[in-house]
Amino acid sequence: MTTPAGDELAVGDEIEVVVGPVAHGGHCVARHDGRVVFVRHTIPGERVVVRITEGGPGDRFVRGDAVEVLEASEHRVPRRCPVSGPGGCGGCDLQHVSTEHQRTLKAQVVVEQLQRLGGVEREVVVEPLGDTDGLAYRTRVEVAVGREGGGTPFVGLRKHRSHDLVPITGCPIAHPRVDEGIAAAAQEAAEGGLEDAVAVDVVAASGEEDVALVEVGPQGRAQRITLTERVATPTGEREMSVDARGFWQVHADAPRAFVEAVLEAAQVQPGERVLDLYSGVGLLSLPLAEATGPEGQLLAVESDPLALDHLAENLAEQRQAVVVPGRVDDLLGVPRQGRRRGQRGGRAPARSQLLPPSADVVVLDPPRTGAGRGVVEALLAMRPRRLVYVACDPAALGRDTATLRAGGYELDALRSLDAFPMTHHVECVATFVPAG
Ligand SMILES: C[S@@+](CC[C@H](N)C(=O)[O-])C[C@H]1O[C@@H](n2cnc3c(N)ncnc32)[C@H](O)[C@@H]1O
């Protein structure tokens with residue numbers, strides 16, 4: 001069989017490559033006859049057979065899976081999940097890599113994104129959180145409900161870049177209580193239940209004895225269930241309420257670790273004015289409010305109705321805390337990302353009076369897309385003493401770092417936390433201060 005030329009590669013072709021560096025997104029970069037191939041299920045330095053899964057002649061690059069390992073990396077380990085790997089569940093990209101080396105690879109990605117997009121050279125160490133070797137940590141898993149040939153329901157997780165489902169009865173990265181919940185949902189489906197569901201959210205909140213199973217219907221219709229989470233803070237354990245389907249950090253140890261990292265980064269002084277943007281139900285707002293004390297002010301900004309009631313409830317005892325409902329970009333008078341000024345619906349609203357003109361400390365924890373240039377520039381205009389950026393995507397952090405640097409701020413401290421073992425995801429807590 002002849003090997004196809006680089007520009008002729010098409011889905012189904014198999015080629016042999018030596019794998020190059022790790023790239024953002026859970027794959028490594030290889031080249032075949034000059035053509036870039038993004039390869040999943042491999043490790044830099046390995047010689048593998050790649051089956052092309054996406055792309056073809058005319059595309060800038062192709063994607064593929066390592067389906068045979070000819071020379072294995074010393075960091076390769078047996079997968080800890082039977083449904084991971086080529087053609088399997090798309091959730092875990094790194095099941096075949098030792099947990100220690102997973103963190104090395106993620107550190108390389110953070111270094112590369114910060115350098116290439118943010119123009120910052122930085123050594124990065126990804127720190128483990130408290131988990132059992134990268135397993136049994138997820139307190140929340142949404143399983144999809146499929147229909148066998150359109151008939152009997154089953155629960156499963158999606159394949160990589162696909163709507164197809166891999167049936168499951170458990171998940172090794174799920175917290176043991178969530179694992180049991182997934183088994184219960186699978187059983188219910190097998191017995192003919194879950195008829196009207198398209199998904200089931202399985203949630204083990206730290207303040208609840210029972211695991212919650214929330215059936216999700218078409219258009220995301222679901223019952224609203226309030227759960228209690230317990231969080232260790234410097235001033236003791238705190239209880240917070242959250243909707244079972246609302247945002248809460250998924251790693252069992254993440255709430256404690258993020259609170260600690262953000263407080264250390266923010267160094268809030270009593271009496272200061274602090275902004276917690278994209279606050280969710282107030283995981284960070286509550287300890288930040290406590291740090292600024294009764295003489296200070298904490299403004300928590302959040303747009304999701306599922307979070308807002310809980311945010312108000314969780315901050316009720318903090319008289320210095322103010323909940324500001326709405327989108328951060330709208331409130332700052334910035335056009336929404338992806339729309340340009342003058343486009344239909346893209347005109348920025350006026351800057352809201354609910355946000356003050358200045359702040360001592362700004363904490364922001366935006367979704368995967370990042371804050372974006374307009375929001376970052378508006379925050380720079382508030383001249384904070386410290387700006388703490390909690391980022392779940394190193395590429396977004398890299399882009400926003402470039403804006404912060406252009407606006408006269410520099411990256412001071414950076415911590416990276418392995419809040420999503422077995423996957424390529426990594427969380428960063430980056431502290432920016434005025435340059436010089
Ligand atoms: C990554 S979560 C962080 C939540 C919180 N810091 C925590 O750790 O629990 C991001 C939050 O931002 C909210 N969000 C997304 N886009 C927003 C926007 N444009 N304005 C305000 N909040 C937004 C989401 O609803 C979500 O609660």
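1. A backbone N or O atom of V328 sits 2.9 Å from a nitrogen atom of the ligand. That is a polar contact (a pair of N or O atoms within 3.5 Å). The protein covers 89% of the 600 Å² of accessible area that the ligand has on its own; areas come from the Shrake-Rupley method with a 1.4 Å probe.

2. This is a predicted model, where local features need pLDDT of at least 70, side-chain atom pairs count only at pLDDT 80 or more, and totals for chains, interfaces and linings use all residues. Residues are numbered from 1 along each chain as its sequence is written, and side-chain values use heavy atoms, without hydrogens and water.

3. The ligand is surrounded by 17 residues, each with a heavy atom within 4 Å. Q249, E302, R327, V328 and D365 are the closest. The shell has seven nonpolar, five polar and five charged residues. Nonpolar means Ala, Val, Leu, Ile, Met, Phe, Trp, Tyr, Cys and Pro; charged means Asp, Glu, Lys and Arg; the others, Gly among them, are polar.

4. Now the helix pair. Helices are DSSP runs (H or I, at least four residues), numbered from the N terminus. α7 covers residues 373-380 and α8 residues 394-406. R373, V376, E377 and L380 in α7 meet D400, T403 and L404 in α8, with contact meaning heavy atoms within 4.5 Å. By class, three residues are nonpolar, one is polar and three are charged.

Key
Axes fitted to C-alpha atoms, helices over the stretch in contact; angles between N-to-C directions. Helix = DSSP H or I, 4+ residues; strand = E, 2+ residues; numbered from the N terminus. Polar contact = N/O pair within 3.5 Å; in protein donor to acceptor, adjacent residues only side chain to side chain.
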